[in-house]
Amino acid sequence: MLAPFAGQAFDDGAYGIPSVELTNWYVEVAPDRADRGFRLIPTAGLTQLTDTGNNEPITGIGFADGFNVDGGLLVHSGTQLRNYGRDGMLQTVHRVTASNGKTRFASSELDVVMGTGQRAYKIAQDTPLAQEINLPNNRSIIDIAEIGQRHIYVEGRSGRLWYSEVADAAAIKADAFLTAEDEADELRAVRSFQGSLYLYGSRSIQVLRPSGDESSPFYPSPAGTLPKGVIGRSAITIADFGQFFVGDDNIVYRLSGYQAQRISTHWIERRIQDLSFERRAEVALTSYAWEGHTFLSLRLPNIGTYTYDAATQLWHRQKSYGQEISRRTAYREAWGKVYVGDAHGCVSFLDRDQGGEVGKPFPRIASTVIPIEDGAPDIANIVIEAQSGLGAISGADQQPVIELRVSRDGRRWGEWQQGQLGKIGDFARKTVFGPFGKMNAPFFVVQVRYSGDLPITISALRINQRRP
């Protein structure tokens, strides 16, 4: 009996339904196998580039084309914004305020601006003194954007959207502001996308377009206002030719033009629903592209990190060693790599050949539910279909080990059993587990775990194979 692994994570213990774990593996089509549609590919590990040294979370990574020789990687952690060159060497340290959310960067050809906490700064490469940007009324700035060489600033708790002079991020006239007209809700964030400004409120999204008129540079789109709000200012990301956001109704959406398309599943939405009112504002949505996949990372404080693959439209989980939440907090593509900031102040890059995370193990778990229609079949053996003969030349993975365990009800589990995937060149190796005895209706659940450093892929289980 062939039993493919689940292609999407599911966890809904509130209703007594068995959980289906898919952690640190994701789905990819398997064109070489006609008897199954996909295999599981390991989430890339992390190779460390540098350490900020302050052990504080990295809240944002930006990129400045005009910095250094090949551009600068801008990393915000604590009260420091660090500028790194392509070689990983620290070039400049700028003093800024700490962020209580996701740090945003908005760059034009002339200016680099960052927004953090309730302040915004203009960053220059040649001075460690970041220039704080002040609104004419000295109110707080909670979000930023850039369009047509103007910088845009969202004023906190007022509904005002301020705009700078062209080519001067810090020059803001006393009357250079506007408000969302169609809905009197709280303005939480702004994004510049495909030549328009998207104003995200607590209950609505309004679109502004450039007018070409210096005295009134923006006008509302004729399409009107979308009646969807955003849960918090960090819960928006731009990826895969679209915008994605977590709505005030606990649903994750893709915004295509003026249409909001639901991409979350009910169990993801229940996890968002579980957040306290105070924690909802801390929800963060980030994104990155890797090997043809666009991934959205949904970070729910104190609950978990859930990742959406736009290529397959499926969700899986990301966990770091000993934690329910991934240590990965920020992403930025630069110099042909994907750089990652984490909760411990480290800057790393995604590495297909690195099985761990900055020296820590990175366990991968997959599972499947095997239905039993009637009777009590005897499970003599379970064979994992995985790559064999890929053992390392030296080190702990010379004889790579994979583990398996079984549950009769999806809640109580047996002990993990170990099986070998074979030394290098041992391609005939089959990884066999069992016997497990009789199983009863309506199902039993199998989990597989791999914690080594090799890029092992798996595709299915075979139950009661005659000649394993």
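Reply: Buried residues make up 54% of the 468 residues in the protein chain. Buried means under 20% relative accessible area, exposed over 50%, and partly exposed in between, with a 1.4 Å probe and protein chains only. The model is predicted, so local features need pLDDT of at least 70 and side-chain atom pairs count only at pLDDT 80 or more, while totals for chains, interfaces and linings use all residues. Residues are numbered from 1 along each chain as its sequence is written, and side-chain values use heavy atoms, with hydrogens and water left out.

The protein chain has two helices and 40 strands. Both are DSSP runs numbered from the N terminus: helices are H or I with at least four residues, strands are E with at least two. The radius of gyration is 25 Å, close to the 23 Å of the globule rule for 468 residues, so the chain is as compact as a globular protein of that length. That radius is taken over C-alpha atoms, and the rule is 2.2 Å times the number of residues to the power 0.38. Along the principal axes, the C-alpha atoms fill a box of roughly 80 × 45 × 35 Å. Contact means heavy atoms within 4.5 Å. Of the contacts with a separation of 6 or more, 56% are between residues 24 or more positions apart.

Now the rings. Rings of Phe, Tyr and Trp (its six-membered ring) pair if their centres lie within 6.5 Å; planes under 30 degrees apart count as stacked, over 60 as edge-to-face and the rest as tilted. By this rule the count comes to 14 aromatic pairs. Take Tyr163 and Phe218: their ring centres are 5.9 Å apart and their planes at 70°, so the pair is edge-to-face. Tyr163 sits in strand β15 (residues 160–163) and Phe218 in strand β20 (residues 218–226), so the pair ties together parts that are 55 residues apart in sequence. Both Tyr163 and Phe218 are buried.

Trp335 and Tyr339 form another edge-to-face aromatic pair, 5.8 Å centre to centre with 90° between the planes. Tyr339 counts as buried at 2% relative accessibility. Elsewhere, ring pairs link Tyr26, Tyr288, Phe295 and Tyr331 into a cluster.

Phe63 lies in strand β5 (residues 58–64). Phe63 counts as buried at 15% relative accessibility.

Last, the backbone. A cis peptide bond joins Gly434 and Pro435, with omega about 5°. Pro435 is in the loop between β37 (431–433) and β38 (437–438). The bond from Ala441 to Pro442 is cis too, with omega near 10°. Pro442 lies in the loop between β38 and β39 (443–450).

Two residues other than glycine have positive phi: Asn55, near 55°, and Gln149, about 65°. Asn55 lies in the loop between β4 (45–51) and β5. Asn55 is exposed, with a relative accessible area of 55%. Gln149 lies in the loop between β13 (141–147) and β14 (150–155). Gln149 is partly exposed, at 25%.
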